[in-house]
Amino acid sequence: MFIDATGLDERAAYRLLISVIVPRPIAFVTTVNDAGLVNLAPFSFFNGISGDPPLVSIAIGRRGRERTKKDTLRNIESTREFVVNVATEELAESVNLSSGDYPPEVSEVDLAKLTAVASDRVKPPRLRESPINLECRLVEIHELGAGPTSLVIGEVLRFHVRDEILSEGVVDPAKLRPIARLGGDFYCRVRDLFEMKRPHVPRR
Ligand SMILES: Cc1cc2nc3c(=O)[nH]c(=O)nc-3n(C[C@H](O)[C@H](O)[C@H](O)COP(=O)(O)O)c2cc1C
């Protein structure tokens with residue numbers, strides 16, 4: 001079977017796409033507005049882009065028929081800073097709770113009973129309950145498509161990694177216990193690991 005994308009309405013295309021690209025990591029993003037109110041929301045159109053400098057991307061769609069900007073996008077546009085907190089099994093309920101369509105004056109950090117601690121290099125705080133926090137400075141925002149979707153690219157200025165999940169300079173996934181997003185309302189745990197060494201091909 002094939003599905004021609006030109007014949008699909010926006011919702012059908014979105015539902016199909018998020019069931020195809022799985023599992024997706026979840027950035028649990030903290031931002032602040034101009035008055036300093038902390039906002040928290042999950043984003044699974046999230047990925048790493050490069051190591052030098054360390055860059056990450058988050059794609060933020062618009063809300064509802066009115067296509068209003070989400071608080072996270074407004075805050076990043078205005079302060080040019082954000083923190084990516086990695087979503088773990090312990091944070092699953094909070095991820096779901098904080099994705100509700102709350103008015104800007106509601107802080108999802110308080111709602112989810114989480115703890116905001118001061119960041120070192122950026123104004124938005126990081127979440128104490130997340131074992132990894134990436135303090136990011138905005139590099140650029142690309143507006144894409146009719147939605148439009150805002151592709152936010154940020155540079156990681158500081159990595160915070162809890163000591164007990166680090167092993168020889170990298171994060172041990174068995175200790176991190178991240179969650180990831182699938183299609184529909186499904187999530188998965190990262191529990192079934194296997195390892196493969198890449199082939200060594202001598203340079204010609
Ligand atoms: C697991 C999960 C992943 C999500 N990923 C995205 C995403 O990648 N892009 C997006 O625009 N919305 C995404 N959402 C929806 C936003 O979290 C939701 O619109 C939220 O209310 C935005 O909050 P804000 O207005 O405080 O920024 C996701 C929701 C959940 C539960």
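Start by selecting strand 3, which gives the most to the shell around the ligand, with 4 residues. Strands here are DSSP runs of E, at least two residues long, and helices are runs of H or I, at least four long, both numbered from the N terminus. Before going further, note that this is a predicted model: local features need pLDDT of at least 70, side-chain atom pairs count only at pLDDT 80 or more, and totals for chains, interfaces and linings use all residues. Residues are numbered from 1 along each chain as its sequence is written.

**The ligand shell**

Now show the 18 residues around the ligand; Ala41, Phe45, Lys70, Thr72 and Ser99 come nearest. A residue counts as near if its C-beta atom, placed from the backbone, lies within 6 Å of the molecule. Colour by element and you will find that strand 3, strand 5, helix 2 and helix 3 (92–98) each give two or more residues to this shell. Colour by residue type instead, and the shell divides into 8 nonpolar, 6 polar and 4 charged. Here Ala, Val, Leu, Ile, Met, Phe, Trp, Tyr, Cys and Pro are nonpolar, Asp, Glu, Lys and Arg are charged, and the others, Gly among them, are polar.

Switch to a cartoon view next. The open sheet has 7 strands in the order 3-2-6-9-10-5-4, with antiparallel pairing; strands pair if DSSP finds at least two bridges between them. At the edges are strand 3 (38–43) and strand 4 (46–51), each pairing on one side only.

Zoom in on strand 6 (residues 81–86) and strand 9 (residues 132–144), an antiparallel pair with 5 bridges. Phenylalanine 82 stands opposite cysteine 136 in strand 9.

**Helix 2**

Select residues 71–79: helix 2 packs on the sheet, and its direction makes about 55° with that of strand 2 (27–32). Its buried residues are Asp71, Thr72, Leu73, Asn75 and Ile76, where buried means 20 or more other C-beta atoms within 10 Å of a residue's own, all placed from the backbone (exposed is 12 or fewer, partly exposed in between). Arginine 80 follows the helix, with a positive phi near 60°.

**Last stop: proline 125**

Find proline 125 in the loop between strand 7 (116–117) and strand 8 (126–127). Why is proline 125 buried? Because 22 other C-beta atoms lie within 10 Å.

Note on methods:
Contact = placed C-beta atoms within 7 Å. Axes fitted to C-alpha atoms, helices over the stretch in contact; angles between N-to-C directions.
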